[in-house]
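Student: I would like to learn how to read a protein model step by step. Could we go through one together, with the general idea before each case?

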Amino acid sequence: MNTLEKTISEKINSSLVPFHFEVINESHMHSSSINAESHFKLIVVSSLFDKKNMLQRHRMIYDL
(Lines give C-alpha, C1' and ligand atoms only; values in the text may rest on other atoms or scores of the structure.)
Protein backbone atom coordinates (compact mmCIF):
# COMPACT_ATOMS: atom_id res chain seq x y z
CA MET A 1 0.00 0.00 0.00
CA ASN A 2 1.36 3.42 -0.94
CA THR A 3 1.89 6.25 1.50
CA LEU A 4 -1.09 8.45 0.65
CA GLU A 5 -3.35 5.44 0.22
CA LYS A 6 -2.29 4.19 3.65
CA THR A 7 -2.91 7.61 5.22
CA ILE A 8 -6.39 7.76 3.69
CA SER A 9 -7.18 4.25 4.93
CA GLU A 10 -6.00 4.99 8.46
CA LYS A 11 -8.01 8.22 8.71
CA ILE A 12 -11.20 6.67 7.37
CA ASN A 13 -10.93 3.55 9.52
CA SER A 14 -10.17 5.41 12.73
CA SER A 15 -12.72 8.19 12.30
CA LEU A 16 -15.68 6.60 10.56
CA VAL A 17 -15.30 3.01 11.80
CA PRO A 18 -16.76 1.59 8.58
CA PHE A 19 -18.16 -1.90 8.29
CA HIS A 20 -17.18 -1.83 4.61
CA PHE A 21 -14.35 0.22 3.14
CA GLU A 22 -12.39 0.19 -0.11
CA VAL A 23 -9.79 2.64 -1.35
CA ILE A 24 -9.01 2.31 -5.05
CA ASN A 25 -6.06 4.12 -6.57
CA GLU A 26 -7.20 5.32 -10.00
CA SER A 27 -4.18 7.52 -10.66
CA HIS A 28 -3.05 5.28 -13.51
CA MET A 29 -6.23 6.27 -15.40
CA HIS A 30 -5.17 9.93 -15.46
CA SER A 31 -2.23 11.77 -16.94
CA SER A 32 -0.01 11.29 -13.91
CA SER A 33 3.42 9.83 -13.45
CA ILE A 34 3.69 6.04 -13.09
CA ASN A 35 3.72 5.96 -9.26
CA ALA A 36 1.45 8.95 -8.77
CA GLU A 37 -1.10 9.10 -5.98
CA SER A 38 -3.43 11.70 -7.37
CA HIS A 39 -6.85 10.09 -7.87
CA PHE A 40 -8.65 7.80 -5.46
CA LYS A 41 -12.10 6.27 -5.36
CA LEU A 42 -13.48 5.51 -1.90
CA ILE A 43 -16.32 3.21 -1.03
CA VAL A 44 -17.31 3.72 2.59
CA VAL A 45 -20.24 2.21 4.48
CA SER A 46 -20.53 3.48 8.03
CA SER A 47 -23.32 3.80 10.56
CA LEU A 48 -22.12 7.38 11.09
CA PHE A 49 -23.66 8.16 7.70
CA ASP A 50 -27.16 7.24 8.89
CA LYS A 51 -29.66 10.06 8.35
CA LYS A 52 -27.07 12.12 6.45
CA ASN A 53 -27.51 13.09 2.83
CA MET A 54 -24.81 12.54 0.23
CA LEU A 55 -23.38 16.05 0.55
CA GLN A 56 -23.07 15.70 4.34
CA ARG A 57 -21.34 12.33 3.89
CA HIS A 58 -18.87 13.75 1.40
CA ARG A 59 -18.12 16.66 3.71
CA MET A 60 -17.39 14.25 6.55
CA ILE A 61 -14.83 12.48 4.38
CA TYR A 62 -13.31 15.68 2.98
CA ASP A 63 -12.95 17.08 6.50
CA LEU A 64 -10.70 14.16 7.42
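Tutor: Let us begin with a term: helices and strands are DSSP runs, and they are numbered from the N terminus. The model before us is predicted, and Ser 31 in it sits in the loop between β1 (20-25) and β2.

Student: How many helices and strands does the protein have, and which pattern do they follow along the sequence?

Tutor: The protein has 2 helices and 2 strands, and reading along the sequence gives the pattern α-β-β-α. Its C-alpha atoms fill a box of roughly 40 × 20 × 20 Å when the box is taken along the principal axes.

Student: Is Ser 31 buried or exposed, and why?

Tutor: A residue counts as exposed when its relative accessible area is over 50% and as buried when that value is under 20%. Ser 31 has 81% relative accessibility, and therefore it counts as exposed. The C-alpha atom of Ser 31 is separated by 20 Å from that of Thr 3, a residue 28 positions away along the chain. For the protein as a whole, buried residues make up 23% of the 64 residues.

Student: How should I read helix α1, and what span should I expect of it?

Tutor: The expected span of a helix is 1.5 Å times one less than its number of residues. Helix α1 covers residues 3-16, which is 14 residues, so it should span 20 Å, and this agrees with its end C-alpha atoms, which are 20 Å apart.

Student: Which residues of α1 are buried, and where do they lie around the helix?

Tutor: The general idea is that an α-helix has 3.6 residues a turn, so residues three or four places apart point the same way. In α1 the buried residues are Glu 5, Ile 8, Ser 9, Ile 12 and Leu 16. Seen down the axis of α1, these buried residues fall within an arc of 100°, so they line one face of the helix. The face turned away from that buried side carries the exposed residues Thr 3 and Ser 14, while what covers the buried residues of α1 includes β1, β2 and α2.

Student: What is the volume of the largest pocket, and which residues line it?

Tutor: Rolling a probe the size of a water molecule over the atoms shows where empty space is left. Here the largest pocket has a volume of about 210 Å³, and its lining consists of Lys 41, Leu 42, Ile 43, Val 44, Phe 49, Met 54, Arg 57, His 58, Ile 61 and Tyr 62. Two elements, β2 (40-45) and α2 (54-63), each supply at least two residues of this lining, and α2 gives the most, with 5 residues. Sorted by class, the lining of the largest pocket has 7 nonpolar, 1 polar and 2 charged residues.

Key
Residues numbered from 1 in each chain as written. Predicted model: local features only at pLDDT ≥ 70, side-chain atom pairs only at ≥ 80, totals over all residues. Heavy atoms only, no water. 1 Å grid on protein atoms, 1.4 Å probe; cavity = no way out; pocket = protein on both sides within 12 Å on 5 of 7 lines; lining within 4 Å. Points joined across faces, edges and corners; volume = space filled by probe spheres on them. Helix = DSSP H or I, 4+ residues; strand = E, 2+ residues; numbered from the N terminus. Nonpolar A, V, L, I, M, F, W, Y, C, P; charged D, E, K, R; others polar. Buried < 20%, exposed > 50% of the residue type's maximum accessible area, 1.4 Å probe, protein only. Arc of directions from axis to C-beta. Contact = heavy atoms within 4.5 Å.
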